[in-house]
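Here is a short report on one protein chain, written for a reader who works with models. Please keep the view open while reading.

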Amino acid sequence: MNEDIANYINEVRRDFSGKPLNESSVDKEPLNQFSLWFEEAVNSQILDPYAMSLTTVNSEGQPSTRIVYMRDINDDGFIFYTNYNSSKGKDLASNNKVALNFFWGELERQIRIEGVVEKVEKQVSDNYFPKRPRESQIGAWASSQSETLEDRLALERDVKFYTDKFEGINIPRPDHWGGYIVKPKKIEFWQGRSSRLHDRIIYSKDGSDWCKSRLSP
């Protein structure tokens, strides 16, 4: 490792001074609490507050993490969309356990989520697909996501092919593209505090109910 980088990592530190997070101040339902924090993140004009890390595990036990966008939330969980044939789609087909993380550094907050994933109903994906920019709809057809690509020109040729094919008509949703919902089993709300004595409130699913407790920082 470059010595300057190593020095920066080990010497440059900052303290956290976020407002307290108490058991009595949070909602009894974690998805309601998420909505409250998400609204504060939006109102704070954080860039892409709906960006979340998604960790999947493949059939060989190898975890993989990438950033995806949460596109909806309901009483059951968090919804995102992707190519079902992508690396993440293949992971999810073999192992439905996942982890999410929202990190809002400007607010000194993160939300860690563990749960299981399943595909949303086809109608949900059908309803969402036309709301995407037309270029993104074309991209869903043109990109064999995660597959080896000969070069950029090959991708551009495929984009042109589907652009021409669907010219002047509504673009249908490809069968290989759609939504997943992450149904949480655990949700942890982390608030940065001074001296690294952070507040951590975790909700754990117990049947249909949620149990709430505090974790040591």
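The largest pocket holds about 450 Å³ of space. This is a predicted model. The lining of that pocket consists of 20 residues. Nearest the centre of the largest pocket lie Tyr69, Tyr81, Thr82, Arg132 and Trp177. Three elements, β2 (63–69), β4 (78–83) and α5 (134–142), each give at least two residues to this lining. By class, the lining of the largest pocket has 9 nonpolar, 6 polar and 5 charged residues.

The second largest pocket has a volume of about 260 Å³. Its lining counts 14 residues. Glu29, Leu31, Asp75, Asp76 and Trp210 are those nearest the centre of the second largest pocket. Here α2 (30–43) and β7 (177–191) each contribute at least two lining residues. The lining of the second largest pocket divides into 4 nonpolar, 4 polar and 6 charged residues.

How is such space found? Rolling a probe the size of a water molecule over the atoms shows where empty space is left.

**Helix α2**

Helix α2 supplies at least two residues of the lining of the second largest pocket. The helix has 14 residues. From first C-alpha to last, α2 reaches 20 Å, close to the 20 Å expected at 1.5 Å a residue. Which residues of α2 are buried? They are Pro30, Leu31, Gln33, Phe34, Trp37, Phe38 and Ala41. Seen down the axis of α2, these buried residues fall within an arc of 150°, so they line one face of the helix. After α2 comes Gln45, with a positive phi near 60°.

Strand β4 contains Asn83. Is Asn83 buried or exposed? Its relative accessibility is 4%, so Asn83 counts as buried. The side chain of Asn83 reaches the backbone oxygen of Ser143 at 3.5 Å. Strand β4 also supplies at least two residues of the lining of the largest pocket.

Helix α5 contributes to that lining as well, with at least two residues. Gly139 lies in α5. Gly139 has a relative accessible area of 27%, so Gly139 is partly exposed. Where does the chain bring Gly139 relative to Tyr162? The two are 23 residues apart in sequence, and their C-alpha atoms are 8.6 Å apart in space.

Strand β7 holds Tyr180. At 5% relative accessibility, Tyr180 counts as buried. Tyr180 and Val124 are 56 residues apart along the chain, with 9.9 Å between their C-alpha atoms. Strand β7 supplies at least two residues of the lining of the second largest pocket.

**Loop residues**

Glu23 is placed between α1 (3–11) and α2. Glu108 is in the loop between β5 (97–104) and β6 (109–119). Ser195 is in the loop between β7 and β8 (199–206).

| Residue | Relative accessibility | Class |
|---|---|---|
| Glu23 | 32% | partly exposed |
| Glu108 | 12% | buried |
| Ser195 | 55% | exposed |

The classes follow from two cut-offs: buried means under 20% relative accessible area, and exposed means over 50%. At 12%, Glu108 therefore counts as buried. Ser195, at 55%, counts as exposed.

Glu23 and Ile171 are 148 residues apart in sequence. Their C-alpha atoms are 48 Å apart in space.

**The chain overall**

How many helices and strands does the protein chain have? There are 6 helices and 9 strands. The C-alpha atoms fill a box of roughly 60 × 50 × 40 Å, taken along the principal axes. The protein chain has 217 residues, and 37% of them count as buried. Asn83, Glu108 and Tyr180 are among the residues that count as buried.

Methods:
Residues numbered from 1 in each chain as written. Predicted model: local features only at pLDDT ≥ 70, side-chain atom pairs only at ≥ 80, totals over all residues. Heavy atoms only, no water. 1 Å grid on protein atoms, 1.4 Å probe; cavity = no way out; pocket = protein on both sides within 12 Å on 5 of 7 lines; lining within 4 Å. Points joined across faces, edges and corners; volume = space filled by probe spheres on them. Helix = DSSP H or I, 4+ residues; strand = E, 2+ residues; numbered from the N terminus. Nonpolar A, V, L, I, M, F, W, Y, C, P; charged D, E, K, R; others polar. Expected span 1.5 Å × (residues − 1). Buried < 20%, exposed > 50% of the residue type's maximum accessible area, 1.4 Å probe, protein only. Arc of directions from axis to C-beta. Polar contact = N/O pair within 3.5 Å; in protein donor to acceptor, adjacent residues only side chain to side chain.
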